[in-house]
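The exercises below are meant to be worked with the sequence and the coordinates side by side. Try each task before reading the solution that follows.

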Amino acid sequence: MRLYALAVYLFLYLPIAVIALFSFNAGRHASQFTGFSVQWYGKALSNPFVMEALWTSFVVALSSALIASVFGTMAALALQGVRGRVRAVADALIYVAVMVPGIVIGIATLIALVTLFGWINPLLARLAPEGQAPQLSMGYGSLIAAHALFSMALVIIILRARLAGMDRSLMEASADLYAPPFATFRQVTLPLIFPGILAGFLLSFTFSFDDFIIAFFVAGSETTLPIYVFSSIRRGVTPEINAIGTMVLAVSLLLLVAAQIILRSGARRGES
Amino acid sequence: MQSPSANTETAPRPLIAEFRAATRRYGDVLAADALSIGIGRGEFLSFLGPSGCGKTTALRMLAGFETPTSGEVYLDGERVTEVPAYRRPVNMVFQHYALFPHLSVADNISYGLRQRRPRPDRAEVAQKVDRALAMVRLSGFGPRRIWEMSGGQQQRVALARAIVNEPKLLLLDEPLAALDRKLRREMQIELQTLQRQLGITFVLVTHDQEEALSMSDRICIMRGGRIVQSGSPNALYDQPVSRYVADFVGKSNFIDGIVTAQSGKDGQVETALGQRFAGRLSGSLEQGTKASLSIRPEQIGLTHAPRGGAEPVSVINRIFLGEHTEYLVRHATLGDLLVLVARQAEASEGGFAPGDAGFISWAPETGLILGQD
């Protein structure tokens, strides 16, 4: 039994370990380790294409995570007030949204946006003077929108759990102590669910930063880091790719661990 | 002494709050059924009853968390039926305290003061918080976090958080339910003392009769959203209007039967087996109506030798309570009865052990004939 578990873990983590290991390879081949070096990290970080893709990824991840956090929080709070069958359906739909395969979301978002642009662009062309009409197309906007849409479901799920575990009488106590509804939200609800919002933000950021499938469909002419990695692999795997992969992995893990710690410490505080 | 059967009796002092036919419906359930009662200024009033009797709904209508479906709520002469909780000069001590976990003890207590507009200045707030902390004997605990406080301490913080605002009504929702017995006793005394010191009107909701009896000036016994009887603890104990009240206030033995004779205040109950017992009638009970003869455990004497009119029993259990000993005895036809024997009486008569035979007797005028509703 123990051996079996060990095999499973090896199977899971060996490829990742190999990637991390070969990112420190002195040679330029991905198959033989010829010595320790950090030169590929330097190469990756000084490659303008990598840096541009990294910047795109960062902007998209930050914006979509911010949007998802704000709107996800609003949705979760609004859902608190909904009861009965409507709520059951709303809850189910949110779980479905998380489970829909990325490729479906990617295609669906692409088709939806293309259709939308197909309607709006002629309108814009008619409104604006000849030749100066703005053209809506795939790019930052569509990337951010698609990622925010998906991440919002994550934020809602995290916050619903947190709100459910919260003592409703806290809000009543605040009202009893003369705080009008918005003051109660600002002084009691928000501070208590803030760890959940922060954790949701970090998870959303990580998701967007790592996502390839959805981004591939809606990125238009933009290149995010995962898309860059994918396209350079076609020209052969160099340790530079390994270095990028390892760095992305490290950042993602760090954010995930931070999200977990925030959620746990927050949960402990909320209980007392 | 107040008339025991009237629900709409006037409170003994000028009113600070009043329900006028306040009704609250949840679907088909009537949580409050045309409640009408006045709460006197400076009074300690309790709503007592089992869960689901409507006592919490009554309290929540005073706090402003529930709006009556029909009827009115008055506070200090003003109609507040639809006024939201945050605009009512009323504070509540919640069952599980509902202290804000992200704030310190001092910030919890000052919460209500800090909502006032214009904001009171810091020094004034700090001074009031210190005074409130001293009042609940927690001086110096201000900077602590809530989760560092014990259950009893949290209870006192919740109390301080409410009284610091000098509310017109202090509402207490089963405030002592989560405390252990000894602490609960201490807090009962503390609450009473505090109420006398501050002169604030206290409204307590509880299912614990001992709590209600020991602290209240007046108790409303509730059932099915209605007040069955209200009166002083003494009045409720000595003159219950029904079996339900007698059962809820103190312990009692009941002998069920039918009223077979009545003349003025005196009556007689006949059991299904034809045994007849005399007693005082509570209210007007027609001959032939079902009734219960209620005898308090301390009114029954337990002796080794038979006296006139004594009934033979066997002792089943003995619980030593210090000043008193509580016996559970079994009668062939009346079933199990509780008998409370004072220490002195037991010393002169000699004790009983489980299995012993004995005789019980009581003075007929100590038995109360009550309607069974």
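**Exercise 1.** In what order do the elements of chain A run from the N terminus on?

Solution. The model is a predicted one, and the assignment starts with a count, which gives eleven helices and zero strands for chain A. Read from the N terminus on, the elements of chain A therefore run α-α-α-α-α-α-α-α-α-α-α. As for its extent, the C-alpha trace of chain A spans about 70 × 70 × 35 Å along its principal axes. Of the 272 residues in chain A, 34% are buried, and among the contacts in chain A with a separation of 6 or more, 78% are accounted for by residues 24 or more positions apart.

**Exercise 2.** Describe how helix 3 and helix 6 of chain A cross, and name the kinds of residues in their contact.

Solution. Begin with the axes: those of helix 3 (residues 48–80) and helix 6 (residues 140–164) of chain A come within 6 Å and cross at roughly 40 degrees. Because angles under 35 degrees count as roughly parallel and those of 65 to 115 as roughly perpendicular, helix 3 of chain A is oblique to helix 6 of chain A. Next comes the hand, and the crossing of helix 3 with helix 6 of chain A is right-handed. Finally, the residues of this contact between helix 3 and helix 6 of chain A divide into 18 nonpolar, eight polar and one charged.

**Exercise 3.** Characterise the side of chain A that touches chain B by its elements and its kinds of residues.

Solution. The contact involves 18 residues of chain A and 18 residues of chain B. On the side of chain A, the elements that give two or more residues are helix 7 (169–176), helix 8 (181–210) and helix 11 (239–271). The largest share, six residues, comes from helix 7 of chain A. Sorted by kind, the residues of the side of chain A that touches chain B divide into eleven nonpolar, three polar and four charged.

How values were computed:
Residues numbered from 1 in each chain as written. Chains lettered and ligands numbered in written order. Predicted model: local features only at pLDDT ≥ 70, side-chain atom pairs only at ≥ 80, totals over all residues. Helix = DSSP H or I, 4+ residues; strand = E, 2+ residues; numbered from the N terminus. Buried ≥ 20, exposed ≤ 12 C-beta atoms within 10 Å, placed from the backbone. Contact = placed C-beta atoms within 7 Å. Axes fitted to C-alpha atoms, helices over the stretch in contact; angles between N-to-C directions. Parallel < 35°, antiparallel > 145°, perpendicular 65-115°, else oblique. Left-handed = near helix turned anticlockwise from the far one by under 90°. Nonpolar A, V, L, I, M, F, W, Y, C, P; charged D, E, K, R; others polar.
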